[in-house]
Amino acid sequence: MSHLRARLAAAALAAPHAAPMAEAAPAALPCVDDLVAILRPEEPLTCLRTAALRANAAGFTAGFPGVTMYAVKCNPDPAVLQALWDGGVRHFDCASLPEVERVSRIFPLAEIHFMHPVKSRRAIARSYRLHGVKTFVIDSASELAKMLEETGAPADLDLVIRLALPTGPAKSDLSGKFGAWPVEAATLLRQARPHARTLGISFHVGSQCLEPLAWRRAIQLAGETMRASGVPVDVLDVGGGFPVAYPDQTPPALGAIFAEIEAGVDALDLPGLVLWAEPGRALVANGTSVVVQVQLRRGNALYINDGVFGSLSDAGPPGFRYPARLLRASAAGAQDFTFFGPTCDSNDVMAGPFVLPDDVSEGDWVEIGQLGAYGAALRTAFNGFGEGRSVAVR
Ligand SMILES: *Cc1c(COP(=O)(O)O)cnc(C)c1O
């Protein structure tokens with residue numbers, strides 16, 4: 001048994017997990033096509049696949065050799081949180097007081113971790129005193145001082161130092177904003193050690209990272225930083241970034257990334273080091289699709305009722321492509337389309353291309369998939385287009 005397997009077994013024993021709830025009978029839920037035929041929705045219709053969410057949660061928590069915490073910002077819909085809980089997720093990575101309050105209201109027994117390196121004083125004090133949050137991420141000495149002042153430097157704080165990483169191969173780079181560079185991070189580990197019940201180091205390789213070696217390299221850097229600190233470190237948090245499939249992106253299997261992480265951690269030779277992960281996208285992307293209606297076709301551009309200020313912000317400047325499906329039978333050949341969103345802003349355009357039958361026209365409904373991550377969570381009401389319902393489907 002590797003160190004990691006031993007750790008996994010220990011983590012499983014330590015986790016205060018209830019057995020997952022019984023699944024709602026999937027047959028009781030409508031399918032998307034039937035629902036659209038009945039509702040004929042003229043506003044975007046968000047379709048939630050709770051069975052997929054439960055399966056994602058069960059798969060990740062079983063495969064990852066450590067503690068899995070869900071990054072709530074990715075999709076904070078209470079129905080999504082519930083499905084992940086039902087699949088076995090008990091730890092939640094929150095980044096704001098409202099996220100902490102939401103998770104603690106829905107799941108009084110959840111383990112909530114405050115993983116934003118820059119927090120308001122009120123958020124620190126209330127999270128710690130009212131919601132039992134013990135774990136906080138920091139990346140500067142002034143944030144450490146703020147933490148200790150607002151919590152009263154108690155004996156049960158778990159402190160995690162966020163390590164900065166050089167720009168990596170991920171689709172959404174997260175290297176520019178947070179994190180301490182290795183020398184400063186080692187100093188912070190040393191400064192935090194006397195105040196920490198549990199001391200950790202974390203990083204984020206960037207969102208939608210298709211390259212397993214990115215974790216390996218980051219783990220090596222974290223290992224060097226831990227050694228340089230000269231103090232014992234209890235937790236290595238390998239962050240989020242676990243990728244999912246999009247029409248132009250085929251991710252490696254999660255298992256291949258987990259194997260790379262295990263190999264990287266075994267090479268550190270730090271027995272007893274506990275692993276955490278903070279997946280967002282990988283747990284929820286396939287859990288939601290959005291049904292949009294075509295309001296106008298102009299050549300190969302479709303004007304639809306959702307867009308960059310709604311669920312499709314990542315289809316704007318970040319350039320994500322999503323699978324699209326026409327919700328009626330068609331014998332026409334496939335064609336590449338661009339989408340325009342409903343607002344008057346000329347940035348409300350999604351280049352795609354999105355592949356649909358060539359006879360798609362005004363009034364048609366199109367289901368856009370893989371929108372559970374950073375889709376609904378980013379909707380705004382800009383220009384009066386915030387409406388839209390959410391329904392559970394099978
Ligand atoms: C956004 C975020 C995550 C989740 O990232 P994914 O790429 O969606 O897995 C995890 N941890 C932190 C600190 C984040 O900011």
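Visitor: Before we look around, what counts as a helix or a strand here?
Guide: Both are DSSP runs numbered from the N terminus: helices are H or I with at least four residues, and strands are E with at least two. This is a predicted model, where local features need pLDDT of at least 70 and side-chain atom pairs count only at pLDDT 80 or more, while totals for chains, interfaces and linings use all residues. Residues are numbered from 1 along each chain as its sequence is written, and side-chain values use heavy atoms, with hydrogens and water left out.

Visitor: Okay, where does A153 lie?
Guide: You'll find A153 in the loop between α7 (141-151) and β6 (158-162). Its phi is positive, about 45°, although A153 is not a glycine.

Visitor: And is A153 buried, exposed or partly exposed?
Guide: A153 counts as partly exposed because its relative accessibility is 43%. Buried means under 20% relative accessible area, exposed means over 50%, and partly exposed is in between (1.4 Å probe, protein chains only).

Visitor: What about Q370, what's its phi?
Guide: Phi of Q370 is near 60°, a positive value in a residue other than glycine. Q370 sits in the loop between β15 (365-368) and β16 (389-392), and at 14% relative accessibility Q370 counts as buried.

Visitor: New topic: which residues does the cis peptide bond join?
Guide: That bond joins G352 and P353, with omega about 0°. P353 is part of strand β14, residues 349-357.

Visitor: Last one, how far apart are R54 and Q208?
Guide: They're 154 residues apart in sequence and 21 Å apart in space, C-alpha to C-alpha. R54 belongs to helix α3, residues 50-63, and R54 counts as buried at 8% relative accessibility.
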